[in-house]
Amino acid sequence: MEQERAVPRHVAIILDGNGRWARKRGLPRTAGHREGCRVVEQTVEDAARLGIEYLTVYAFSTENWKRSAEEVGALMQLFRFYAKRLLEVAKRNGAKIRMIGERSAFAPDLIEAIGRLEEETKDNTGIVFTFAVNYGGRDEITRAVRKIAQKVSAGELSPEEITEQTIEASLDTAGIPAPDLLIRTSGEQRLSNFLLWQAAYTELYFTDKYWPDFSKEELERAIEAYRGRERRYGGV
Ligand code: IPE
Ligand code: IPE
Ligand code: MG
């Protein structure tokens with residue numbers, strides 16, 4: 001008898017469609033981002049309750065700096081607010097919070113808030129919630145290669161010793177297993193520079209719903225689809 005597949009251990013989400021959600025309602029794009037943040041908070045709670053061990057959410061890409069100063073500024077303000085608020089969420093459900101991406105680009109107070117969030121939740125044993133901000137898969141791999149090259153030039157590592165594990169351990173996601181399921185909202189079907197290395201064998205799920213309309217039911221639907229699939233890793 002075929003064993004029923006459990007919930008995916010690691011779910012990654014490319015949240016997309018905040019701007020279109022707002023435009024449909026005649027609201028500014030930033031209203032969509034505000035609503036989107038509320039849904040992220042809700043999704044952390046839902047995922048924890050569903051027994052998902054790792055949730056990773058793409059909130060701001062290395063390419064998103066190209067947006068208007070007004071929109072980028074509003075997003076930074078939202079991160080600031082949520083850096084504090086997430087501490088409350090973590091207290092409620094025991095979540096451990098991590099950030100991936102190049103944080104040195106942020107204002108000093110925001111870098112400090114992110115550091116505090118990670119430090120104060122590091123011993124929590126609930127869901128690991130990772131948010132990707134100023135994250136790009138290419139940037140992450142580039143920084144990893146730089147770290148490895150520094151070890152080689154310092155004589156701590158020889159080129160022959162470099163393995164996939166060496167690279168994995170140098171990525172921002174070190175210690176987090178590869179995602180089992182990746183969800184993208186808003187009908188777009190691309191990775192947009194998210195988890196390029198880690199998603200090598202991840203199952204992909206796309207929904208037309210805009211991110212602010214995402215819900216626990218949508219998450220359950222994605223998990224249901226995942227459970228019905230036969231995963232392959234290149235074998236027969
Ligand atoms: C996702 O929504 C949030 C971010 C990328 C910051 P968008 O802002 O990309 O919304 P659309 O795609 O323009 O509708
Ligand atoms: C992807 O969304 C990045 C994030 C969700 C943070 P975008 O809306 O920026 O991606 P593209 O431009 O549609 O590929
Ligand atoms: Mg978008």
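**Working chat: a predicted chain**

Me: Leaving aside its neighbours within four places in sequence, what is Ala174 in contact with?
Reply: Ala174 is in contact with Arg98, Glu168 and Ala169, once neighbours within four places in sequence are set aside. Keep in mind that this is a predicted model.

Me: Where is Ala174 found?
Reply: Ala174 is found in the loop between α6 and β5.

Me: Is Ala174 buried or exposed, or partly exposed?
Reply: Ala174 counts as partly exposed, because its relative accessibility is 26% and that class lies between the 20% and 50% cut-offs.

Me: And how far is Ala174 from Ile100, C-alpha to C-alpha?
Reply: Their C-alpha atoms are separated by 9.9 Å, and along the chain the two residues are 74 residues apart.

Me: Step back to the whole chain. How many helices and strands are there?
Reply: The protein chain has 7 helices and 6 strands. From the N terminus on, the order of elements is β-α-α-β-α-β-α-β-α-α-β-β-α.

Me: What does the radius of gyration say about it?
Reply: The radius of gyration is 18 Å, close to the 18 Å that the globule rule gives for 236 residues, so the chain is as compact as a globular protein of that length. The C-alpha trace spans about 60 × 55 × 35 Å along its principal axes.

Me: What share of the residues counts as buried?
Reply: Of the 236 residues, 46% count as buried. As for contacts between residues at least 6 apart in sequence, 77% of them join residues at least 24 apart.

Me: Change of topic: strands. In what sense do β3 and β4 pair?
Reply: Strand β3 (residues 96-100) and strand β4 (residues 128-135) pair in the parallel sense, over 5 bridges. In that pairing Ile97 stands opposite Phe129 in β4.

Me: Which helix does the chain go through from β3 to β4?
Reply: The chain passes through helix α4 (residues 108-121), and this β-α-β crossover is left-handed.

Me: Which strand is Phe131 found in?
Reply: Phe131 is found in strand β4. Phe131 is buried, because its relative accessible area is 12%, under the 20% cut-off.

Me: What is Phe131 in contact with, leaving aside neighbours within four places in sequence?
Reply: Phe131 is in contact with Val57, Leu86, Ile97, Arg98, Met99, Ile100 and Leu117. Ile97 comes up again here, as the residue that stands opposite Phe129. The C-alpha atoms of Phe131 and Thr56 are separated by 5.7 Å, with the two residues 75 residues apart along the chain.

Me: What is the phi of Asn134, in that strand too?
Reply: Asn134 is found in strand β4, and its phi is near 45°, a positive value in a residue other than glycine. Asn134 is buried, with a relative accessible area of 5%.

Me: Which other residue other than glycine has a positive phi?
Reply: Ser186 is one, with phi near 80°. Ser186 lies in the loop between β5 (181-184) and β6 (203-206), and at 6% relative accessibility it counts as buried.

Me: Now helix α5. How does its span agree with what it should be?
Reply: Helix α5 (residues 137-153) has 17 residues, which at 1.5 Å a residue should span 24 Å, and its end C-alpha atoms are 24 Å apart. The two values agree.

Me: Which residues of α5 are buried?
Reply: Gly137, Glu140, Arg143, Ala144 and Ile148 are buried. Seen down the axis of α5, the buried residues fall within an arc of 135°, so they line one face of the helix.

Me: What do those buried residues pack against?
Reply: The buried residues of α5 pack against β4 and α6 (164-170).

Me: And which exposed residues are on the face turned away?
Reply: That face of α5 carries the exposed residues Arg138, Val145, Gln150 and Ser153.

Me: What follows α5?
Reply: Gly155 follows α5, and its phi is positive, near 80°.

Me: Last one: where is Asp46, and is it buried or exposed?
Reply: Asp46 has its place in helix α2 (residues 29-50). Asp46 counts as buried, because its relative accessibility is 4%.

Me: What does Asp46 touch, not counting residues up to four places away in sequence?
Reply: Asp46 touches Lys216 and Leu219.

Technical notes
Residues numbered from 1 in each chain as written. Chains lettered and ligands numbered in written order. Predicted model: local features only at pLDDT ≥ 70, side-chain atom pairs only at ≥ 80, totals over all residues. Heavy atoms only, no water. Pairing = 2+ DSSP bridges. Helix = DSSP H or I, 4+ residues; strand = E, 2+ residues; numbered from the N terminus. Right-handed = clockwise from strand over helix to strand, strands pointing away. Expected span 1.5 Å × (residues − 1). Buried < 20%, exposed > 50% of the residue type's maximum accessible area, 1.4 Å probe, protein only. Arc of directions from axis to C-beta. Contact = heavy atoms within 4.5 Å. Rg over C-alpha atoms; globule rule 2.2 N^0.38 Å.
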